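Subject: Structure handover

Hi,

Here is the structure for you to look over. My notes on one helix and some charged pairs follow below.

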Amino acid sequence: MRIYRCPRCRAEDISADAHPTRVLDNGLERVVFVCRGCYRAAELEFRIACEAADVVYAPLPIRTGLQQLRDFYAERIAEYDDPDILMDETERFAATQRIRQALADVERRLAIRPLPPT
């Protein structure tokens, strides 16, 4: 199985503990996932890059970040569903347990809706 490491520090496996942030790539905003330790520094680097490139900085909306995180985790789980991977169901279940827990947490947060105005 492929291990997803933090692209910033290359030390942490972010398969089940990723944090969405952005980078400025030739003037275009691109979402990347980093580890918990690199999140604040990566956001600061993005803010500085926006200022240097005269791009208006706007924080990543929480729901947008959660949706991207949901897709990231769903892709990690889908990799284990590949029939070419020779694992029995017990091993497959154990290997995806942390990812499924992280996905469930994100889904729970996405299910929270604002109260309607009274």
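Start with Arg-36. This is a predicted model. Arg-36 is exposed, with a relative accessible area of 56%. Its salt-bridge partner is Asp-17, with the closest N and O atoms 3.1 Å apart. Asp-17 sits in the segment before S1 and Arg-36 in the loop between S2 and helix H1 (39-52), so the pair ties together parts 19 residues apart in sequence. Asp-17 is partly exposed, at 26% relative accessible area.

The structure holds 11 salt bridges. Here are two others.

- Glu-29 and Arg-22 meet at 3.5 Å, N to O. Glu-29 is exposed at 51% relative accessible area, whereas Arg-22 is buried at 2%. A network of salt bridges links Arg-22, Glu-29 and Glu-43.
- Glu-79 and Arg-76 also pair at 3.5 Å, N to O. Both lie in helix H2, three residues apart, about one turn of the helix. Glu-79 is partly exposed, at 22% relative accessibility. Arg-76 is buried, at 5%.

Now helix H2 itself. At 1.5 Å a residue, its 19 residues (62-80) should span 27 Å; the end C-alpha atoms are 28 Å apart, which agrees.

Which residues of H2 are buried? They are Gly-65, Leu-66, Leu-69, Phe-72, Tyr-73, Arg-76, Ile-77 and Tyr-80. Seen down the axis of H2, they fall within an arc of 135°, so they line one face of the helix. Their cover includes strand S1 (19-25), strand S2 (28-34) and helix H3 (89-111).

Best wishes

Terms used
Residues are numbered from 1 along each chain as its sequence is written. This is a predicted model: local features need pLDDT of at least 70, side-chain atom pairs count only at pLDDT 80 or more; totals for chains, interfaces and linings use all residues. Side-chain values use heavy atoms; hydrogens and water are left out. Helices (H or I, at least four residues) and strands (E, at least two) are DSSP runs, numbered from the N terminus. The expected span of a helix is 1.5 Å times one less than its number of residues. Buried means under 20% relative accessible area, exposed over 50%, partly exposed in between (1.4 Å probe, protein chains only). The arc is that of the directions from the helix axis to the C-beta atoms. Contact means heavy atoms within 4.5 Å. A salt bridge is a side-chain nitrogen of Lys or Arg within 4 Å of a carboxyl oxygen of Asp or Glu.
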